[in-house]
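Q: I have a protein model open and want to learn how to read it. Can we go feature by feature?

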Amino acid sequence: MKQILVMRKDLNMKVGKMCAQAAHASMKATLLHLDDPRVKEWLSGKFTKIAVGVNSEEELLALHKNALDNGLISELITDAGLTVFDGVPTNTCIAIGPDTHENLQPITGSLKLL
């Protein structure tokens, strides 16, 4: 079981901002689905996370939709823009899963590690 954290590389976020956004996504995907057996199994093990990147908002949103359409947990994070992004709410990342490698691979297998 693992969770995939998908970050937008085109935003050129500082490392600290990326870490915070990834943490938001992981927590949201976990806390909103605590009763899901996949989350329970993941939390009882190593709760592996993999960080990958996409190059645009369009790619991020298409991936999010594809994950949901295929029955995966997927949560989108939209930063409020209070500290960066000039006050404009901005879609920064998603968390997909937790789920099995076999279920995640068709959706996220082509993405490159950060």
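A: Start with aromatic rings. Rings of Phe, Tyr and Trp pair if their centres lie within 6.5 Å, and planes over 60 degrees apart count as edge-to-face. Keep in mind that this is a predicted model.

Q: How many aromatic pairs does that rule give here?
A: The count is one aromatic pair. W42 and F47 form it, edge-to-face.

Q: Where in the chain does F47 lie?
A: F47 is in the loop between α2 (37-43) and β2 (48-54).

Q: What should I look for in the backbone angles?
A: Look for exceptions. Most residues other than glycine have a negative phi, and most peptide bonds are trans. F47 has a positive phi, near 35°, and is not a glycine. N12 is another non-glycine residue with a positive phi, near 50°.

Q: Where does N12 sit, and is it buried or exposed?
A: N12 is in the loop between β1 (2-8) and α1 (15-31). Its relative accessible area is 66%, so N12 is exposed.

Q: Which peptide bond is cis?
A: The one from G97 to P98 is cis, with omega near 25°. P98 belongs to strand β4 (residues 90-99). P98 also brings us back to F47: the two are 51 residues apart in sequence, yet their C-alpha atoms are 8.1 Å apart in space.

Q: How much of β4 is buried?
A: Strand β4 is mostly covered, with 10 of its 10 residues buried.

Q: Which strands pair with β4, and in what sense?
A: For pairing, count the bridges between two strands. β1 and β4 pair in the antiparallel sense over five bridges. β3 and β4 are also antiparallel, over six bridges. Now find who faces whom. M7 stands opposite C93 in β4. L76 stands opposite I94 in β4.

Q: How do I read a nonpolar core?
A: Look for buried nonpolar residues joined through their side chains. Then ask which members touch the most others. In the largest core, of 14 residues, those are V6, L63, I94 and I96.

Q: Which elements supply this core?
A: β1, β2, α3 (57-69), β4 and α4 (101-108) each give at least two residues. The largest share is from α3, with three residues. Apart from this core lies another, of 13 residues, including L5, I77, F85 and C93.

Q: What does I94 contact beyond its neighbours in sequence?
A: Leave out residues within four places in sequence. I94 then contacts I4, L5, V6, A25, L60, L63, H64, S74, E75 and L76.

Q: E75 is in that list. Where is E75, and is it buried or exposed?
A: E75 is in strand β3 (residues 74-79). Its relative accessibility is 13%, and the cut-off for buried is under 20%, so E75 counts as buried.

Q: What polar contact does the E75 side chain make?
A: The side chains of E75 and H33 are joined by a polar contact of 2.8 Å. Set aside the neighbours within four places in sequence again. The contacts of E75 are then K28, A29, L32, H33, H64, C93, I94 and A95.

How values were computed: Residues numbered from 1 in each chain as written. Predicted model: local features only at pLDDT ≥ 70, side-chain atom pairs only at ≥ 80, totals over all residues. Heavy atoms only, no water. Helix = DSSP H or I, 4+ residues; strand = E, 2+ residues; numbered from the N terminus. Buried < 20%, exposed > 50% of the residue type's maximum accessible area, 1.4 Å probe, protein only. Polar contact = N/O pair within 3.5 Å; in protein donor to acceptor, adjacent residues only side chain to side chain. Contact = heavy atoms within 4.5 Å. Phe/Tyr/Trp six-rings, centres within 6.5 Å; stacked < 30°, edge-to-face > 60°. Core = buried A, V, L, I, M, F, W, Y, C linked by side-chain atoms within 4.5 Å. Pairing = 2+ DSSP bridges.
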